[in-house]
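Got a chain to go through and a few things to ask about it?

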Amino acid sequence: MFEENEVILEASHVTRRFPASGGRTLVANNDINLKMYKGKTLGLVGESGCGKSTFMRFLVSLDVPTEGEILYRGKDITKLKGEELRQNRQNIQMVFQDPSASFNPKMKIRDILCEPLLNFGRIKASEKDAAAHRLLKMVELPEDFAKRYPHNMSGGQRQRVAIARALALEPEILIMDEATAALDVSVQKTIIELVAKLQREKNITIGFICHDIALVQSFSHWVAVMYLGNIVEVISGEDIAVKSVHPYTKALMGSVFDIHMDFSKPIESIESEAPSPLDTPPGCPFQSRCEHCMDICCTERPALTELEQGHSVACHLFH
Ligand code: SF4
């Protein structure tokens, strides 16, 4: 169901090409147009290597697109440099899949949590203990974890610390890049519940990258489905199970395991592999795996077109 919200970030015609061997070009993102709304979660779903992380890296200024612009509160963040770029990092923060890789193993949790606050002059050194305790409480961890090192914690506890550190500067947008993928399913659930609670309390906008469409659907207000660097459908999380129409989205939804499913029917799957992003065909990127492929699909790329308010699809079946 479409709900009007304040747009705080808007990506327009974002394309990222990487030069490859033999004079070829890898197109990781192809003309991406997306909006993020205040206090809402945008889920970005697709197979590994489809370009989800490439796109989200632009939002935290870890890379810049080859073409296009990304407006955050009206300012193009792809053009920021120097101190302006540094200051903007306070607004958009990221939680990575593996917190161990993003923590210095020689630093105590207190210092890991307080590093961004000290870097931006938000606290004095004498206030570190109080700040660390406040952040640990926010992610429902005991205060004495401040004295621990990352290797003395479980994966779920480390991810809570990563969330606390990302939220230390009170960013308006939080990007979670497969942030629950390495966790057990039960721990995954508690992390998602915690993030949803913090989102409600702090009105944070979240970009949630995940290859698991069932998880994305359960947590996202909006879902953008990505295939081979292209957005093929944008729909509300509430509607995706019943109203999605793109053959790729439907195949993803059809492959979701459900304990109540009818096992006498074959489980839907997408036969064959996705083409290499180095070798994308003209026309629809999904043509080689689509059972509805028509002549026009092999020559003309379908544009992302609005079917109804809040629901867009890129498929010639619906043009
Ligand atoms: Fe299938 Fe054609 Fe639609 Fe692509 S545009 S998803 S090939 S029907």
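Before the questions, one cut-off: buried means under 20% relative accessible area, exposed means over 50%, and partly exposed is in between (1.4 Å probe, protein chains only). This is a predicted model, so local features need pLDDT of at least 70 and side-chain atom pairs count only at pLDDT 80 or more, while totals for chains, interfaces and linings use all residues. Residues are numbered from 1 along each chain as its sequence is written, and side-chain values use heavy atoms, with hydrogens and water left out.

Q: How many helices and strands does the secondary structure of the chain come to?
A: Helices (H or I, at least four residues) and strands (E, at least two) are DSSP runs, numbered from the N terminus. On that basis, the chain comes to ten helices and twelve strands.

Q: Why does the chain count as being as compact as a globular protein of its length?
A: The radius of gyration is taken over C-alpha atoms, and the globule rule is 2.2 Å times the number of residues to the power 0.38. For 319 residues that rule gives 20 Å. The chain is close to it, so the value to compare is its radius of gyration, 21 Å.

Q: What percentage of the contacts in the chain with a separation of 6 or more comes from residues 24 or more positions apart?
A: Contact here means heavy atoms within 4.5 Å. Among contacts with a separation of 6 or more, the share from residues 24 or more positions apart is 63%.

Q: Which elements do the buried residues of α10 pack against?
A: Helix α10 covers residues 247-254, and six of its eight residues are buried, so it is largely enclosed by the rest of the structure. Those buried residues are P247, Y248, T249, A251, L252 and M253. They pack against α8 (213-219), β9 (222-227), β10 (230-236) and α9 (240-243).

Q: How many disulfides does a search of the whole structure find?
A: A disulfide is a covalent bond between the sulfur atoms of two cysteines. The cut-off is a pair of cysteine sulfur atoms within 2.5 Å. With that cut-off, the number found in the whole structure is zero.

Q: How far is the sulfur of C293 from the nearest cysteine sulfur?
A: C293 is in no disulfide, and the nearest cysteine sulfur belongs to C298. C293 is also partly exposed, at 32% relative accessible area. The distance to the sulfur of C298 is 3.9 Å.

Q: Which cysteine holds the sulfur closest to that of C210?
A: C210 counts as buried, at 4% relative accessibility. Its closest cysteine sulfur is 11 Å away, too far for a bond, and it sits in C50.

Q: Is R165 buried or exposed?
A: R165 lies in helix α6 (residues 155-167). Neighbours within four places in sequence aside, R165 is in contact with S102, F103, I112, L113, E115 and P116. Its relative accessible area is 19%, so R165 is buried.

Q: Where is S61, the residue other than glycine with a positive phi near 55°?
A: S61 is buried, with a relative accessible area of 17%. Its place is the loop between α1 (52-59) and β4 (67-72).

Q: What is the phi of H13?
A: H13 sits in strand β1 (residues 7-19). At 49% relative accessibility, H13 counts as partly exposed. Its phi is positive in a residue other than glycine, with a value near 50°.
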